[in-house]
Amino acid sequence: MRFASILTVLDKPKHKQSALLRAARLQQLGGGNLQLVSFYWNAMLDADHTLSAEQRRKLRHELGEKLKKWQRERVLREIDDEHRTQVRLRSVWSKELARWVAEEVDKNPVDLVVKSLHKSKTLMYTPTDWQLLRNCAAPVLLTTNKSKKARNNPGPVLAALDFKHTDAKHRRLNSKVLQTANDYAELISAPLHIVFAIETSQVLRDLDITDAQISKQKVLQKIQPALERTLAAYPISKGKMHFPVGKAGQVVNQKARTLGCDVVVVGSTVHKIQQSLGLGNTAERILTRATTDVLVVKP
């Protein structure tokens, strides 16, 4: 069974619950167990100089009970009756959402983590989504609030592959991205497409030092053997292979919008130096412009 265990991070009650809706859809299609986790925290209740220990305990308990009531009365409405026995509701007191999820997945592995996508970012702050991608061992599905097509007519699943690197780690990652995308496409009964962004220098093109189409053909010739090996087990027609020229974060999302994709599946590798400096990889560049769900997998 694919995605036999799914951990879903619920948004605050006042927000749209795109992660919940997507997780409920996947459970309906494939069955499996579903954990629905809400996080709550209040700085005042962690301060020992403002309230007494008993006051803090009582207020924290009341906040937890209010959240649990919302889960029972509102969240469970989105789950089919036949699958509710496979749902576990959890409420967690923590401000370290990404850390908690990563540690929980290490202790109790799951097939998928689902969370709504939040794009806010400043120079000195790494968003929770990025922290989650960098530290969570399980695949992470980040969902958008964009309305989805009817369940009997889903959009394509787009696998974003990387042929710029030829080392064994990236070859394995390409294979995992494609396998995950294929499984997802089969689960939701959607067509599978692939995309590889051919990045050429805009400066050189502006100076007419190189031609984009000529460069594209050279790149395609170079990657052809690797492309054929990667796709050997998947009957993907040429019409479902896309090789746009431009920055990956831009052209992959453009292609996803053009195709009306349900989800983009992309691999993520973060070097230690990048992580310490807060620098993003291709997956994170795609996320900053994403208008559809993004499923991120690691080697």
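This is a predicted model: local features need pLDDT of at least 70, side-chain atom pairs count only at pLDDT 80 or more; totals for chains, interfaces and linings use all residues.
Residues are numbered from 1 along each chain as its sequence is written, and side-chain values use heavy atoms, with hydrogens and water left out. Local features need pLDDT of at least 70 and side-chain atom pairs count only at pLDDT 80 or more, whereas totals for chains, interfaces and linings use all residues.

The structure holds 8 salt bridges, a salt bridge being a side-chain nitrogen of Lys or Arg within 4 Å of a carboxyl oxygen of Asp or Glu. In one of these, the side chains of Arg 22 and Asp 293 meet at 2.6 Å, N to O; this pair links distant parts of the chain, 271 residues apart, with Arg 22 in helix H1 (residues 18-30) and Asp 293 in strand E10 (residues 293-297). Helices (H or I, at least four residues) and strands (E, at least two) are DSSP runs, numbered from the N terminus. Arg 22 is buried at a relative accessible area of 5%, and Asp 293 is likewise buried at 1%, where buried means under 20%, exposed over 50% and partly exposed in between (1.4 Å probe, protein chains only).

A salt bridge also joins Arg 90 to Glu 104, with the closest N and O atoms 3.1 Å apart, and both residues are buried. Between Lys 164 and Asp 162 the corresponding distance is 3.2 Å; here Lys 164 is partly exposed, at 42%, while Asp 162 is buried, at 17%.

On the surface, Lys 146, Lys 247, Arg 257 and Arg 289 gather in a patch of positive charge, patches being made of residues with over 30% relative accessible area and no salt bridge, with like charges joined within 9 Å and nonpolar side chains (Val, Leu, Ile, Met, Phe, Trp, Tyr) within 5 Å. Lys 247, in the loop between strand E8 (241-242) and helix H8 (248-259), is exposed, with a relative accessible area of 62%.

Conventions
Accessible areas come from the Shrake-Rupley method with a 1.4 Å probe; for residues, only the protein chains shown count as cover. Lys and Arg count as positive and Asp and Glu as negative; His and the chain ends are not counted. The place of a charge is taken as NZ of Lys, CZ of Arg, CG of Asp or CD of Glu.
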